[in-house]
Amino acid sequence: MMKINTLLVCCFLSLVMISCQKAISPNTATGTVKITIRNTVKGNPMVLNTGNYTNSFGEQYNITKFKYYLSNVSVTTTPINTFNGRYYLIDQSNPASLSFSFEAPVDTYYSLKFLIGVDSARNVSGAQTGALDPLNDMFWTWNSGYIMAKMEGNSPQSPVVNNKVEYHIGGFAGTNSVLKNYGFIITDPAGINIREGKISEIFMDADFDTWWQGVFNLKIADNPVVTTPGVLAKSISDNYVSMFSITDIKNY
Amino acid sequence: MKTRVIIFFGLLVLIAAIFISACKKNDVQPGEPHNPTYIDLTIPAGWPTPTSDIFANNKLTEEGFQLGKKLFYDGKLSKDGNFPCASCHQQFAAFATFDHDFSHGFDNSFTTRNAPGLFNLAWMTKMHWDGGINHIEVQPLAPITAQNEMAETIDNVLNKLRADTEYPALFKSAFGNTDINSQRMLKALAQFMGSIISSNSKYDKVQRGEASFTATEQNGYDLFKAKCETCHKEPLFTDNSFRNTGLAVNPFLNDFGRMRITNDKNDSLKFKVPSLRNVMLTFPYAHDGRFYSIGAAIDHYRTGIITTQPTLDPLLVNRIAITNTQKNDLIYFLNTLTDTTMTKAARFAQ
C-alpha cells in the first residue's frame, strides 16, 4: 500500500510541476534578458518606403512593410530552459516592437533559441489577443492561421498591378509548414551572464536580403506575390531562416 | 484501508488542483467582483461527446451568450449597418439564408458559396465548405472582413462597439471589465453560435420513443440508412469529411473546394458534407446552391454525378440507385429532420 501511495505522490507532484513549468519560483534570483533587433538589408539598416535596394539578381525594390513573429524565445543552459510563452511581433514600422525583455534565472547561458513564427498550437486555438490579435493584420481569415512573416513593397521587375511585391508567409501544418526553430550557440566564454537584477542585452541583426537566396534562388520577376501556404512560402522560409545574426552581447 | 486510500487520493487531487489554479493567470482585474452565471452546454442524450471542446477556454456564461446574441443581430458589425450575421443566417431557415443560392453582401454583391445553417457547431471540426476555418472563434473574422459580405474592418467594428451606449456594460458583465477587444467579441459570438443545438425534430422524438414514423417515413429512414448514412452520419447527419460528389465545375466560380486550403490536388472539388438536419429549410443545396429542390439534389445522386472526375468519392462511382417510390419515401423521411423547436426558440431570437 505504501508503494502505491508513494507512486501517487510522485504522479501528483510531477503534475503540479508540469503545470507550473512556466513560472519561475519566487525564490530564484533572476535577471533580465533584453533582445534588441535591427532589421537590415545587406548589412545596412532597413529604411521603409524610401530605401532603394537591389537583390543579387539585379532586381530593384523598396520595402513598405516588414514584420514577423518570434515566439518560444529562451536562453538555455543544462538543465535550465527559460521557456518564454510570449509572442513577439517584430514590426519595422513600430520601433517599440524591435526590442523585448524577459526574466531568466541567474546563470551563464551559451545558447539562445526561438521559433520564427507562431507555434502550431496557437494557430488552432481560437481568438487570441496581444501580439496575436487579428487586428495586427497577420491572421488569415479564409484559411485560419497566422502569417508568420510579411514583406510588402514594389519593384519595377514585378509584372503584377502597381509593380507590387507581396510576401505573406504562413502555413503551420504538413510538409509546407514554414515554422522554423532557430538557435545560436554562443562561443564567447562570457556567454549570456545573467546577474541578479541586472540586464544582459543581446543585439541581433535580421537581414532581409536572405529572403531572395540561400537555399532557393527566388526572383521578383518569377514570384512577385506569395500569399498562401504552399511550396513557395516554404521555400522563402527556408531562405529567411538564416536572416538572424548576433552582433553583440552586453552583460551589465 | 480502501477508504483511507480514497481520502488520500482525494486530498492529492485537491492539492494538485490548488497548485494548478494558482499557476493560471487571472484575467479579471483585482478589486472588481465578477460573478457571471455559468451555464452548461446540454449534450442531447445518446449523442457523441463534441469533437472539439469549444468552450474549454471560453467558459459559457449567460452574460457571454447574451452579448454574443446581441452582436450576432447587430448591423454595426458590417460596414454600412445593413449586414448583421443574421442577415445571412436566419433563424427561421435554421440559420441559413432562406431561398437563396448566394447571399447578399455589401454594395449589392453576392457571396460565392451557399450560406450553411448554424447549429450543432460544437460537433463541427472545421467551418466553411472548404474547411478553411479551424476554430469557431475565428470564424466571424471571415464574413466581417470579406468585401462581398460585411465589408468592415475589425478595428472599425470595435470602435463602434466602444462608442455604443450599451456594449461597454455588456462586455463588463460578460468578461469582468469594460474592455472591448477582438478576442472578447469573438468569444462572445462563439458562445451564442456554439449554444445553438438542433435536437428536437420528429426524428429525434422517434429516437427517444416520444413519437413514431409513418410507414412512408420509416421506408425513407430505412433507405437513408442503406444509401446515405455513411456520409450523413447520425445523429449529426454529417461525418464532417470532405468529399467530391461529382458536380460539374461552375465556370463563373471555378471553385475547387478544399484544394484551395490544402494545396493538395487529391482534394480537388471536395467540399464539406453538410448536415441534413433541417434540410427542408436550408434549400437551395450544394456549395453553390445549384439544386433548388430536395428532389433535384436527390436526382443528382441518382443520375447526375459526373463519374469521370478523378477525385470523385469512391462511394459514388456507380451513382446511387434510388427508385421514384424510394425517392418519395426519402423526402418524407428528410422532412422529419426539421426542428421547429430550434427555429422558433425565443432564446436564439433577436
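**Ground rules.** I am working from a predicted model, in which local features need pLDDT of at least 70, side-chain atom pairs count only at pLDDT 80 or more, and totals for chains, interfaces and linings use all residues. Residues are numbered from 1 along each chain as its sequence is written, chains are lettered from A and ligands numbered from 1 in the order in which they are written, and side-chain values use heavy atoms, with hydrogens and water left out.

**Chain B, domain 1 against domain 2.** I then looked up contacts (heavy atoms within 4.5 Å): 30 residues of domain 1 of chain B meet 26 residues of domain 2 of chain B.

The area buried between domain 1 and domain 2 of chain B is about 2,400 Å², with 57% from carbon and sulfur atoms. Buried area here is the accessible area (1.4 Å probe) that two parts lose on being put together, summed over both.

I searched the interface of domain 1 and domain 2 of chain B for salt bridges and found 1; the rule asks for a side-chain nitrogen of Lys or Arg within 4 Å of a carboxyl oxygen of Asp or Glu. I also looked at B:R113, which forms a salt bridge with B:D255, their closest N and O atoms being 2.7 Å apart.

**Chain A, overall.** I counted 3 helices and 17 strands in chain A; these are DSSP runs, helices being H or I of at least four residues and strands E of at least two, numbered from the N terminus. Of the 252 residues of chain A, 50% are buried, where buried means under 20% relative accessible area, exposed over 50%, and partly exposed in between (1.4 Å probe, protein chains only).

**A:Q213.** I found A:Q213 in the loop between β15 (199–207) and β16 (225–226) of chain A. Is A:Q213 buried or exposed? A:Q213 counts as buried because its relative accessibility is 18%. The side chain of A:Q213 reaches the backbone oxygen of A:D209 at 2.7 Å. Leaving out residues up to four places away in sequence, A:Q213 touches A:S56 and A:N239.

Note on methods:
A polar contact is a pair of N or O atoms within 3.5 Å; within protein, one must be able to donate a hydrogen and the other to accept it, and residues adjacent in sequence count only if both atoms are side-chain atoms.
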